[in-house]
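Open the structure in your viewer and keep the selection tool at hand.

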4 protein chains.
Amino acid sequence: MKKIKPIKIKKEMKVSELLEEMSMAGFGARKIGGALKIMKKMLSDDQCKVFLGLAGAMVPAGMKEIIIDMLKQEKISIFVTTGANLTHDLIEALGGAHYSCDVWNDVDFSKKGFDRIHNVFMKNEVYEKLEEFFEENWEKFQNSKNIRDFLEKIGKSLPEGSNSILRTCYEKKIPLFCPGISDSGIGLMVWGRTIAGKKIQIDVFDDMKEIIDIAWSSKKSGVIYIGGGFPKNFIQQSLQFSKGATYGIQITTDRPEPGGSSGAPLEEGISWGKMKQEAKKEEDYIDVFCDATIALPLLWAGVKS
Amino acid sequence: MKKIKPIKIKKEMKVSELLEEMSMAGFGARKIGGALKIMKKMLSDDQCKVFLGLAGAMVPAGMKEIIIDMLKQEKISIFVTTGANLTHDLIEALGGAHYSCDVWNDVDFSKKGFDRIHNVFMKNEVYEKLEEFFEENWEKFQNSKNIRDFLEKIGKSLPEGSNSILRTCYEKKIPLFCPGISDSGIGLMVWGRTIAGKKIQIDVFDDMKEIIDIAWSSKKSGVIYIGGGFPKNFIQQSLQFSKGATYGIQITTDRPEPGGSSGAPLEEGISWGKMKQEAKKEEDYIDVFCDATIALPLLWAGVKS
Amino acid sequence: MKKIKPIKIKKEMKVSELLEEMSMAGFGARKIGGALKIMKKMLSDDQCKVFLGLAGAMVPAGMKEIIIDMLKQEKISIFVTTGANLTHDLIEALGGAHYSCDVWNDVDFSKKGFDRIHNVFMKNEVYEKLEEFFEENWEKFQNSKNIRDFLEKIGKSLPEGSNSILRTCYEKKIPLFCPGISDSGIGLMVWGRTIAGKKIQIDVFDDMKEIIDIAWSSKKSGVIYIGGGFPKNFIQQSLQFSKGATYGIQITTDRPEPGGSSGAPLEEGISWGKMKQEAKKEEDYIDVFCDATIALPLLWAGVKS
Amino acid sequence: MKKIKPIKIKKEMKVSELLEEMSMAGFGARKIGGALKIMKKMLSDDQCKVFLGLAGAMVPAGMKEIIIDMLKQEKISIFVTTGANLTHDLIEALGGAHYSCDVWNDVDFSKKGFDRIHNVFMKNEVYEKLEEFFEENWEKFQNSKNIRDFLEKIGKSLPEGSNSILRTCYEKKIPLFCPGISDSGIGLMVWGRTIAGKKIQIDVFDDMKEIIDIAWSSKKSGVIYIGGGFPKNFIQQSLQFSKGATYGIQITTDRPEPGGSSGAPLEEGISWGKMKQEAKKEEDYIDVFCDATIALPLLWAGVKS
């Protein structure tokens, strides 16, 4: 039996010290502390391939640098995210920006050409730079084998050293998947070209082979789900063809009761073979109920210490 | 100023009578009542094209008949759903079933070959029938123009009058979109064939043209979002090319604070031009915070009365 | 193994028919259906004392008639609610009203003297009638044995047949508890008198004896928690001195993760002896994740059929 | 227009540095950063009386040291909490402990005499020490003017320097309110004595005078709500007799839609006069959607830097 140790805050405390304290407390505090321990285990296990799924508008919310840093550590084997995150990443790589808003009126925003994402917005005009980018690089994208390859080509087309998720995946050779790419601004750019008669054809099913191959051939695997959506589901699906994940962390505020994949606890994955039968709750896998923009910076600061 | 009228329950009450009472109460009760009024307006407006987005495992949860009934009323112009819902629909069309579980152990379920989805499960063996179906009909799917066309071909391959969403969309000629099709059991069936060398190529971007064309050419549009995910986002994206939706209903339990598309209130869409600037909150569009398996049957029973 | 039966909606459907359908579906639909069955068992078990806890501003939201109807059925043995609900009940009994608001500005509301409760508001001026009532009846309240007795005296002071929770509990001799009475408009009325030198003294601990005696002497007990708060906790506490509840229903949207009593699943009560060890999940007790203004009318309409 | 600045994590980062980064990001991260700024303003404003409300089982979860530290800083003018938190505080002051559990079975726990609170539990036997304490000190509690006075006498009865909220409030002369005291283990101790014929009488309404007097006489006030419940509501009620709070922070994961006080945004208080009309959203008051066991340690570490 392990006693709860009340959290003590000291002056000039380091994040790692706070997380250590949290790991000995209760409720969500202990979950964050526990998630850090699992994340460290997963990232330092040389036999383990780490699958990172990222949903929610994490780039507009300012999580980009953390993701890039995670990717640069060369511990992420597979990265799956939404078309929206990649679009916002590309927008920033091309000089666009996101802004904060604390009060707003959506009708006014519409008139000003401001697109709102909760307490963040961007100017509609960012699409102009996107258009230019796709216009200039269109030919490079023609013979994309699949979506992953298409995204790699986008990353390759950005200047070296660009502070971008797309570029980092390219430079670090991390397979970047986005099965829902058509559901995004990048998709709209492709649509814009194709209605102008500039044909491209990218197969929707081809990526599956690559992600399933990686899952299949992994000795061990670990998952980090920041938000749910198809990034989580696409990874989960591939893991059915693995031995089941050895480690898992999930950060979401979605409820399990309405039965969607995003809110499903990791434990449910055991029944499907997505998570190992032997995996222990809270020790090997953990569900963290927290806004990812709070939990992710905490965890990453903990890992970096 | 409108007084709150306390809800009176009478014996043998009809759902429509209860909903009428709820529309004069407060909190979520009034939201359900209000959503019904908007749904009726939307469905009876001949100029309005209705876009239905369905996420979450609604077929396993027993919402299939309601969806099929909605589609058969010929009031839904566009239907977007997840690959999972279509897979489960196909599974049932091929004779498979879903079962209820109130207590469970995921390790036991794994050993028994039971795949759990919250308080519902199915047997792993359902995939055998899926395999057979794809094996038998594979050639028919070869020349699919896009995902919508591929799904139409699946629907066409089912027996006439099958009690199925896929079949109903085919019979009723309702465009059925699923940008994330690779992220599903149907995707796995395609993967299984392609690794066996049976090639198929379906373009991931081509569907956009069709849905955007419909949005663009609509005099008026209305949206019904049951859950969020890419079904919502894909419709929202296409509406940027319309005059903005005139009507909207959203049923979700996701929080808006973590900033994901699924939890974003419909009002946010005004800033993007996805919802009309003139649309009035609670009168033209409404966000219902409720498990869809509770709210949807209520609303549909209200519409049918 | 019980197959999920998809919900079928028919024309002019009765609420009871819909609930029967819901009980054979999945997710929250089945929970509502299951809660109805447990509620019926509990209310028809002659040996069972039913403890009803009501939190959240259910009177402003229009749930008053349902609660009164529940109390009039003479199946509720104990009723615990918040001071707020009793204050709003008294306000309505004295001729005041609640109004609906769909859009609002809190600064404007403040200037107009409108007090907002989510999408409901009342006029500040309702307090005048409350003041008069307490002024006129003050002497009757002097020798209140405890809070329950004080509330009974308030109920007694209302005209016979008043459409009021307070009056109904008095007429039906249902013990009405409200440990947090000082945290309410009724509390403010008492405060107003006492600062004017009109002394009253009501012991804060005396009610415990009565509720614990009822719990202690019950052969069987059942709990219905609409919202959490102290109404739930006060009942749970008394049940530690019973054999543990045989039946239980809880309707709440609070999360369990932050560890508060309001969001705690009923199962947790087994460890404390508040719920029987033999009680079966989903058959004897059930947690419903739903806005109570949606779930309660549904359930009560189901019971009344 | 303020650009979102992506959060950068550096090695050995201090919590204060992380919070500064978070304040320039989006979604919940910015909320935490904003809450820190408001907390610092509130605590350093000499004219401002700070009302702290604490609900949820924060002592079992290991938040005790932070609360004690907050109280010792002599910046908290009023403290309102639940009887449960005070009971658990007293239990620990008397040598009892709380333990962590990551997996559990409530029937087993019941048999072992373990009382569970989410992922924390305590042994039933802790009540023995409580009994002894009340038995020994009972006479001291006899002439308690009101609940606050009773709690002060409990604090006084603990050894000097006890690591306890009750003791700290006594030593620091911070008025400690708990309108729902009967709804707790401390209440049960009183009940135990009174049924043994050891009379005590504590008026339930008398505390209101004291808290309202403090609110009334405050030049400025600020509120910190950790969780909702009656601690929040009791403070909010008293503020109707003030000029309205100048500053406010609320940490809760409760939804606003079901209309309860716990989930109501601070802005709603403006309509009631509980919050100043001039108070600016996100600058003067802010709602943080986060498990308090995560947000509170972060914020307090930020304040202490």
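Start in chain C, at the hairpin of strand 5 and strand 6. It has 2 residues between the strands, and His118(C) takes a positive phi near 55 degrees there. Strands here are DSSP runs of E with at least two residues, helices are runs of H or I with at least four, and both are numbered from the N terminus.

A word on conventions. This is a predicted model: local features need pLDDT of at least 70, side-chain atom pairs count only at pLDDT 80 or more, and totals for chains, interfaces and linings use all residues. Residues are numbered from 1 along each chain as its sequence is written, while chains are lettered from A and ligands numbered from 1 in the order in which they are written.

**Stop 1: the strands around the hairpin**

Select residues 114-117 of chain C, which are strand 5. Strand 5 pairs with strand 6 of chain C in the antiparallel sense, over 4 bridges. Two strands count as paired if DSSP finds at least two bridges between them. Click Phe114(C): its bridge partner in strand 6 is Lys123(C).

Tyr99(C) stands opposite Phe121(C) in strand 6.

**Stop 2**

Show chains B and C together. In what order do the 4 strands of the open sheet lie? The order is 5(B)-6(B)-4(B)-1(C), with antiparallel pairing. Strand 5 (114-117) of chain B and strand 1 (2-3) of chain C stand at the edges, each with a single partner strand, so one side of each is left without a neighbour in the sheet.

Zoom in on the join between the chains. There, 2 bridges link strand 4 (residues 99-100) of chain B to strand 1 of chain C. Pick Tyr99(B); its bridge partner is Lys3(C).

**Stop 3: where chain D touches chain C**

Select chain D with chain C. Here 59 residues of chain D are in contact with 59 residues of chain C (C-beta atoms, placed from the backbone, within 7 Å). Helix 9 of chain D gives the largest share of chain D's side, 6 residues.

**Stop 4: the axis**

Finish with chains A and D. Chain A can be laid on chain D with an RMSD of 0.0 Å by a turn of 180 degrees and a shift of 0.0 Å along the axis (least squares on the C-alpha atoms of residues with pLDDT of at least 70 in both copies). That is the relation of a two-fold axis. In chain A, the C-alpha nearest the axis belongs to Lys14(A), 2.0 Å from it.

Notes: Contact = placed C-beta atoms within 7 Å.
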